[in-house]
Amino acid sequence: MTEDPLTPLLAHFKAQAQLFYSGNLCNDVTFSDEMGTGFLHLLKAGSTQLQDETGYAVTLNEPTLVFYSRPMQHWFHPDPHRGADLVCASMRFEHKTFNPILLALPERFECPLSSLKGAGNLLELLFNEAFDSKPGRQEVLDRLFEVLLIDVLRVVLASPDGTPGLLRSLLHPQISKVLAAIHAEPTRDWSLEVLARHAGMSRSSFASAFKKEVGDSPGNYLTRWRITLALALIREGVPLKLVAERVGYISQAGFLRAFKLVIGTSPTSWKNSGAK
């Protein structure tokens with residue numbers, strides 16, 4: 001297992017938080033999926049019922065974190081007498097086409113704040129900022145929510161639920177080494193044989209274990225990782241003729257085929273569409 005499995009991923013797959021509410025919620029409120037973002041809610045005090053479009057419903061009576069990693073319509077119905085002290089932020093993830101962290105997270109994650117071990121000081125600072133009016137409050141809270149998301153990832157990583165995905169695979173002593181190598185050197189000629197050797201496994205055992213842990217084949221994962229990096233380079237204005245080489249493709253034709261396979265269109269069309 002890598003010494004720090006999250007940092008390389010967070011460097012590529014950033015999340016942008018934006019605070020949009022803090023205060024005592026007295027009336028029912030709907031959070032629409034039309035914004036195309038996730039939502040991270042913190043219940044500091046009070047009581048509220050939470051419902052969402054899947055039919056899920058629960059009453060929250062203790063300080064709780066509620067995280068919708070993907071767009072999903074949901075509602076809060078606060079207690080009419082106590083209300084609910086809430087701090088809420090939208091969470092927008094980069095690279096929605098292929099974001100291993102986003103795909104690995106459950107659509108809805110809910111936990112008491114007391115279970116976020118070691119996050120007490122962060123939560124105290126966040127609540128102090130949220131219920132005050134200091135200069136720069138918005139920027140500070142946006143960044144604090146982004147740090148809080150890392151704590152959520154740590155909780156998910158420490159308590160895998162058995163679902164295949166990148167976070168679970170980071171706990172695998174052999175597969176995690178391969179993922180770290182792919183992330184660090186995407187341009188290397190990563191044949192199945194080379195990857196299996198890196199994991200210290202036979203080709204068949206490695207291919208089976210990778211599929212089981214990650215939920216995809218090694219070749220598909222490598223392709224999606226390279227194309228994700230290509231999207232970032234295109235967005236930065238790197239000429240298309242240089243992008244292929246920088247993400248590990250010897251031929252432009254091979255790069256174009258892989259790009260269309262993953263994205264569904266050509267790099268030029270994607271760039272001209274202004275897609276994110």
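This is a predicted model: local features need pLDDT of at least 70, side-chain atom pairs count only at pLDDT 80 or more; totals for chains, interfaces and linings use all residues.
This report walks through the salt bridges, aromatic contacts and surface charge of the structure above.

Residues are numbered from 1 along each chain as its sequence is written, and side-chain values use heavy atoms, with hydrogens and water left out.

**Salt bridges**

Let's begin with the charged pairs. The structure holds seven salt bridges, where a salt bridge is a side-chain nitrogen of Lys or Arg within 4 Å of a carboxyl oxygen of Asp or Glu. The table shows three of these pairs, including R108 with D52.

| Pair | N to O distance |
|---|---|
| R108 and D52 | 2.8 Å |
| R143 and E139 | 2.9 Å |
| E185 and R188 | 4.0 Å |

What does the R108 and D52 pair link? It joins distant parts of the chain, with R108 in strand β9 (residues 108–112) and D52 in strand β4 (residues 48–52), 56 residues apart. Strands here are DSSP runs of E with at least two residues, helices are runs of H or I with at least four, and both are numbered from the N terminus.

Buried means under 20% relative accessible area, exposed means over 50%, and partly exposed lies in between (1.4 Å probe, protein chains only).

R143 and E139 are four residues apart in helix α4, so about one helical turn separates them. R143 is partly exposed at 35%, and E139 is also partly exposed, at 49%.

For the E185 and R188 pair, E185 has a relative accessible area of 39% and is partly exposed, while R188 is partly exposed at 36%. Elsewhere, salt bridges that share partners join E139, R143 and E146 into one network.

**Aromatic contacts**

Now for the rings. The structure holds nine aromatic pairs, counted when ring centres of Phe, Tyr or Trp (its six-membered ring) lie within 6.5 Å; planes under 30 degrees apart are stacked, those over 60 are edge-to-face and the rest are tilted. One of them is the tilted pair of F67 and F93, at 6.5 Å centre to centre with 40° between the planes. F67 belongs to strand β6 (residues 64–68) and F93 to strand β8 (residues 84–93), so the pair ties together parts that are 26 residues apart in sequence.

The C-alpha atoms of L149 and F67 are separated by 9.0 Å, although the residues are 82 apart along the chain. L149 is buried as well, with a relative accessible area of 5%.

Another group of rings, F20, F31, F39 and F76, forms one aromatic cluster.

**Surface charge**

Finally, the surface: D33, E34, E53 and E107 gather there in a patch of negative charge. Such a patch is made of residues with over 30% relative accessible area and no salt bridge, with like charges joined within 9 Å. One of its members, E34, lies in the loop between β2 (29–31) and β3 (38–46). At 75% relative accessibility, E34 counts as exposed.

Notes:
Patches are made of residues with over 30% relative accessible area and no salt bridge: like charges are joined within 9 Å, nonpolar side chains (Val, Leu, Ile, Met, Phe, Trp, Tyr) within 5 Å. Accessible areas come from the Shrake-Rupley method with a 1.4 Å probe; for residues, only the protein chains shown count as cover. Lys and Arg count as positive and Asp and Glu as negative; His and the chain ends are not counted. The place of a charge is taken as NZ of Lys, CZ of Arg, CG of Asp or CD of Glu.
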